[in-house]
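Biologist: I'm new to reading models like this one. Could you walk me through it, feature by feature?

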Amino acid sequence: MKIEDLINDIDDNDHLSSNEQTPLRPDAFEKTDAEKIEIIKKDMHHILETLGMDMTDDSLKGTPNRVAKMFVKEIFGGLRPDAKPTASTFENKYKYGEMLVEKNIVLYSTCEHHLLPIVGRAHVAYISNGSVVGLSKMNRIVDYYAKRPQVQERLNIQIVRELQQVMNTEDVACVIDAKHLCVNSRGIRDIESSTVTGEFGGAFKDPAVRREFLDYIKMETKF
């Protein structure tokens, strides 16, 4: 099935997560990063020990600390409000009125159901409402919302909502095509399947505009 057929099959209600916001407790930011790392380190040590691993082994004894630091500082770094990218906008002096597409943004996230990787690409577009945003900021917004326990549908929505707010326009779209290792490496273990989700705002709800966007992201870029 072609990507445009998959997108056209997406029903706005069927694929929305129950909450557009990442489910965080009110006290989520009361502990410092150092405190979180120390707690996770002890928990990870207990998990590995429970599995029967010899935690005195030279190869393993540093693993709990490495995993804890990775959780807090890297793969779940998008949970930290202070890590949110600042996306300054600039006047659209070129008077460019067509859509701008940033395609093939590499995406690494983590499935919140099994804590296994989600790996894929995001394709983001907007139509200027008088302002433009730096291209790298679009990549950074994708990366920020990806670096947390995620559901792909929610990630799609969060990227679009953030850019709509930054750009002060509803005319934003995002398509994500990603592999979920919870499907590829466990359970059904289907290594070929990937998941495609789309979120279309404003003008991108028009079939002709949506088609133009999908045609852009199918283009091959070679250097």
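Biologist: Let me start with one side chain: is Asp82 buried or exposed?

Modeller: A word on the ground rules before that. This is a predicted model, where local features need pLDDT of at least 70, side-chain atom pairs count only at pLDDT 80 or more, and totals for chains, interfaces and linings use all residues. Residues are numbered from 1 along each chain as its sequence is written, and side-chain values use heavy atoms, with hydrogens and water left out. Buried means under 20% relative accessible area, exposed over 50%, and partly exposed in between, using a 1.4 Å probe and protein chains only. Asp82, at 60% relative accessibility, is exposed.

Biologist: Which side chain does Asp82 meet in a salt bridge?

Modeller: Side chains of opposite charge can pair when their charged atoms come close. We call it a salt bridge when a side-chain nitrogen of Lys or Arg is within 4 Å of a carboxyl oxygen of Asp or Glu. Asp82 pairs with Arg80 at 3.3 Å, N to O. Arg80 is partly exposed, at 22%. Both belong to a salt-bridge network that also links Asp33 and Lys73.

Biologist: How many salt bridges are found in the whole structure?

Modeller: The search finds 13. One of them joins Arg154 and Glu112, with the closest N and O atoms 2.8 Å apart. Arg154 sits in helix α5 and Glu112 in the loop between β2 and β3, 42 residues away. Helices (H or I, at least four residues) and strands (E, at least two) are DSSP runs, numbered from the N terminus. Arg154 is buried at 5%, while Glu112 is partly exposed at 27%.

Biologist: Where do Glu199 and Arg161 lie?

Modeller: Glu199 is in strand β7 (residues 195–200) and Arg161 in helix α5, so their pairing ties together parts 38 residues apart in sequence. Their salt bridge spans 3.3 Å, N to O. Glu199 is buried at 13%, and Arg161 is partly exposed at 33%.

Biologist: Now the inside: how many residues does the largest nonpolar core have?

Modeller: In soluble globular proteins, nonpolar side chains tend to be buried together. A nonpolar core is a set of buried Ala, Val, Leu, Ile, Met, Phe, Trp, Tyr and Cys residues joined through side-chain atoms within 4.5 Å. The largest one here has 27 residues, and Leu107 and Ile176 are among those with the most contacts inside it. Elements supplying at least two residues each include β2 (99–111) and α5 (152–167). A second, separate core of 12 residues includes Met99 and Phe200.
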